[in-house]
Amino acid sequence: MHKNVVTLNGVYKSLPDHDILHDINLEVREGEFLTLLGPSGCGKTTLLRMISGFDEPSQGKIMIDGKDVSGLPPYKRHIHTVFQSYALFPHMTVFENVAFGLRCQKISNDEIKERVETILKMVKLEKFIWRKPSQLSGGQQQRVAIARAAVNRPRVLLLDEPLSSLDYRLRKNMQIELKQLQRKLGITFIFVTHDQEEALSMSDRVVVMEEGRIEQIGTPRQVYEEPGTLNVAKFIGEANIFAGKIIEILENKQIIIYLLDKERKAKSNRSHYQGEDVHVLIRPEDVRVWTQDEVDNTTEMFQGHVTEVIYKGTTVDLIVRLANNETIAATEFFDEDDDRLEYKIGEQVWVNWTPGWEVILPRET
Amino acid sequence: MNLRRLQNNIYLTLMYAFFYIPIITLIIYSFNDTKYSLIWRGFTWGWYVELFSDADLWISTWHSFILALMSSTIATSIGLIAAVSLYRYRFLGRNILNGLIFIMILSPEIVMGASLLILFSKLDLPLGFFSLLLAHITFCMPFVIVTILSRLVSVDKNIFEAAKDLGAQDFLIFRRIIFPLMLPAICASWLLSFTLSLDDVIISYFVAGPEFQILPLQIYSMVRAGVKPEINALCSVLFCLTLGLVLLAQFALRKKS
Amino acid sequence: MKRDQNFKYFSLSLIWFWLFLFALLPTCFVVATSFMPPHQNDILSQTSTLENYQLVFQPLYLKIFQKSFVIAGLATLICLFLGYPFAYLIARMQGRLKNFLLMLIIIPFWTSSLIRSYALIAMIKTKGLLNTFLLSLGFISGPLPLLFTNTAVMIGLVYNLLPFMILPILTNVERLDSQIIDAARDLGANRMTTFRRIVLPLTLPGIIAGCILVFLPAMTIFYIPDILGGAKSILLGNLIQNQYLIAQNWPMGSALSTVLTLILVSLIIIYLIATRGNKKRDWM
């Protein structure tokens, strides 16, 4: 039984003409790395601000450690925020920045010194203790911001897109570092980002949001391999989406569906009914492409021709136009089995995937 | 939260009242049909009539107007060239020039007035229109430079690179690119110089001569002689005039934000 | 290419010529004149003396310096305490209201301060608006003799120079990242602490700039003490004006001007030291 450090019940944030947040229900477990993921404007930052206390919900309850925190200002909630622009105090040294919260709590100078030095060692900045923020790089500033918040031993650390202003390589490094830091500190992290790759690589659980609503909550694996809605499927990773119809329901979760002008065996964990209209989702990396001379039995396969070949170093992306004029994207990896991955535009190919690797979603209007 | 909001609003209102009540009072009393009392005796245009029939005042006004017109035009022209040069070129003494302009803005007007007085005496230049003109151009210029320069730094530097790449020479770049882009700032600078010149008392006091009387100095001597209701009317008119010009300047600066 | 260079040289020569002739040279003349014997206005005369500077430190002039410092200093402090909250509040606003309010401050900034000082006379004289208002509300029993006192001069100075304090502070506060204030509150600072430890140090450059822009004019705008303080009120500006134009003692006037300029330079140095951390400088 997990202990819930933050709970949101029926939370709304409403403006006169529309809702920024709609019926948010969320339980954040102690010690986890939780990510709020969604496109710009989906409400994830608003949600973060409500947990931190900079904004109040129009409806609903927010509880921290079981206590209702409505009306409670930020610093009374034992929660601290790492801001997007880091918001370091430019006129103070790194030491003074990190010590700021401790000083406000009137902690003794000796204890302050000890705690600040310890945490700066943890973020590997002990050599920069007397520098000013303007003398630090972006990555270093970010670590100071985290240290400044974490040194106060908050129940939860909130991070508002802290990596968005870093360049690609630094970002990748910081993702690993942040994850390690979170484990070391043992504090619950709530992380906000619009970058799904980032969310998947760092989180214990991901909350996918869209237009003020929670679409799905799950582990990275769950939201990637079993997206609950079309929005989630489209937002996370690449996806081929086709319209289909359930023809017959067999046992062991097997079904027969009709899609792309063919009947096919498929598998689904949901319950379906005969004649149901569905969307079929298949990831490009699960799609296999065969040339004419590589296969004999093509009854289960779809015919098409190659319209685009994109070489990406580790993979080759293909766009194939099928017989019924729809297109499917496929990603082929270079490996020992396939020493020849040369496709020409216009080449006739056969397309297939392993039954069960697709995801069946109800057809939403 | 609401109490604080209320406090803030009261404070702001009081401050704005402090700024504007004296002026509004002045304008209202310029219509008061009484010579000395502040009690309202009735509405009258009388003081304005007396004002407009004072020939001396008209002459001074005309003088001030011509002076302001010429000095602001020349100051804006020279200032524009100066600002552009400071922006575009790296030259020996650039930092000194920047510093000099900075000091000129901060420097008390009395020092500038006195120094120009000595200069004109050394140059054997008699005090009159010409000395006033040179003085006004000199004190308006730094403001023009600062206004235009602060607009210039918000222009994408790559534009000039692109122009040069396409074969344009410096003067062409100035004429076809810088000048049109800066037009709002140029207009605003001109208007501000105009009002600065119209209203200047201290520097003019030092370098004005007996032949060419200008309005601010005339007002000054009228005020020192004692409070007269025509002065109320005069001040009201001038205030509204500069108000109009300032609004124009703000409008010009706002257009190309 | 030749035309390119021509334009550049033309521009630079023009500016240098003008500023040299009308800014640098006159300043040198002033300094040179300050070393001349009193009442001798021709600076080509050979004799030079420190007499004027010595006179400056005599009790007679020293008292005027002192009075100017005190009145200008008080006026600056009043402007600071009135103007800082004002600038802060407006800087933190958003949108069209803010632009409108800003314009309302800029308008007095550019209109004639002579006229505005004149408007004050009607306000503070014995039968003036202020006294009438206070009397009718019963706050005072007899009219306050405000006109032609040091208080009147101070009111006049504050009234005219307040925008000069407000604008630099305002631009400074606008540059403050509001997330920094959020961060301070997030970490447990109350309003007082946030102001004292975060806002105040970060707005210090604006405060100093404002003080410089108020203090110096406060000492030297001679028409304000003249029309509000009367013949009794002599501040540094009046003294300098008097020496040049009435007493015809240019050397003495120049000595006083030079001392004034030195004060300006010291204040600028203080400002530069206080802002040495920042990369950007305000251009008003």
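This tour moves through the chains one selection at a time.

The model is predicted, so local features need pLDDT of at least 70, side-chain atom pairs count only at pLDDT 80 or more, and totals for chains, interfaces and linings use all residues. Residues are numbered from 1 along each chain as its sequence is written, and chains are lettered from A and ligands numbered from 1 in the order in which they are written.

**Stop 1: chain C**

Select chain C. It holds 12 helices and zero strands. Helices here are DSSP runs of H or I with at least four residues, strands are runs of E with at least two, and both are numbered from the N terminus. The C-alpha trace of chain C spans about 75 × 70 × 35 Å along its principal axes.

Now colour by burial. Of the 284 residues of chain C, 43% count as buried. A residue is buried if 20 or more other C-beta atoms lie within 10 Å of its own, exposed if 12 or fewer, and partly exposed in between, with C-beta atoms placed from the backbone.

Look at the contacts too. Two residues are in contact if their C-beta atoms, placed from the backbone, lie within 7 Å. Among contacts in chain C between residues at least 6 apart in sequence, 72% join residues at least 24 apart.

**Stop 2: the cores**

Select C:A75, C:L161 and C:V214. These have the most contacts inside the largest nonpolar core, which has 137 residues. Such a core is a set of buried Ala, Val, Leu, Ile, Met, Phe, Trp, Tyr and Cys residues joined through C-beta atoms within 7 Å. Helix α7 of chain C (residues 150–174) gives the most to this core, with 15 residues.

Zoom in on C:A75. Setting aside neighbours within four places in sequence, its contacts are C:M154, C:L157, C:V158, C:L161, C:V214 and C:A218. Another core, of 99 residues, lies apart from the largest one; A:Y86, A:A145, A:L181 and A:V280 are among its members.

**Stop 3: where chains meet**

Show chains B and C together. Of the two pairs of chains in contact, this one shares the most contacts. Here 61 residues of chain B are in contact with 65 residues of chain C. Helix α1 of chain B (residues 2–29) gives the most to the chain B side, with 11 residues. That side divides into 45 nonpolar, 12 polar and four charged residues. Ala, Val, Leu, Ile, Met, Phe, Trp, Tyr, Cys and Pro count as nonpolar, Asp, Glu, Lys and Arg as charged, and the others, Gly among them, as polar.

Next, show chains A and B. They do not touch, and their nearest C-alpha atoms are 12 Å apart.

**Stop 4: helix α5 of chain A**

Select residues 168–185 of chain A. This is helix α5, with 18 residues. From first C-alpha to last it reaches 25 Å, close to the 26 Å expected at 1.5 Å a residue. The expected span is 1.5 Å times one less than the number of residues.

Which residues of α5(A) are buried? They are A:M174, A:L178, A:L181 and A:Q182. They cover an arc of only 95° around the axis, which puts them on the same side of α5(A). That arc is taken from the directions from the helix axis to the C-beta atoms.

Then turn to the face directed away from the buried side. It carries the exposed residues A:R169, A:I176, A:Q180, A:R183 and A:K184.

Finish just after α5(A). There, A:G186 takes a positive phi of about 75°.
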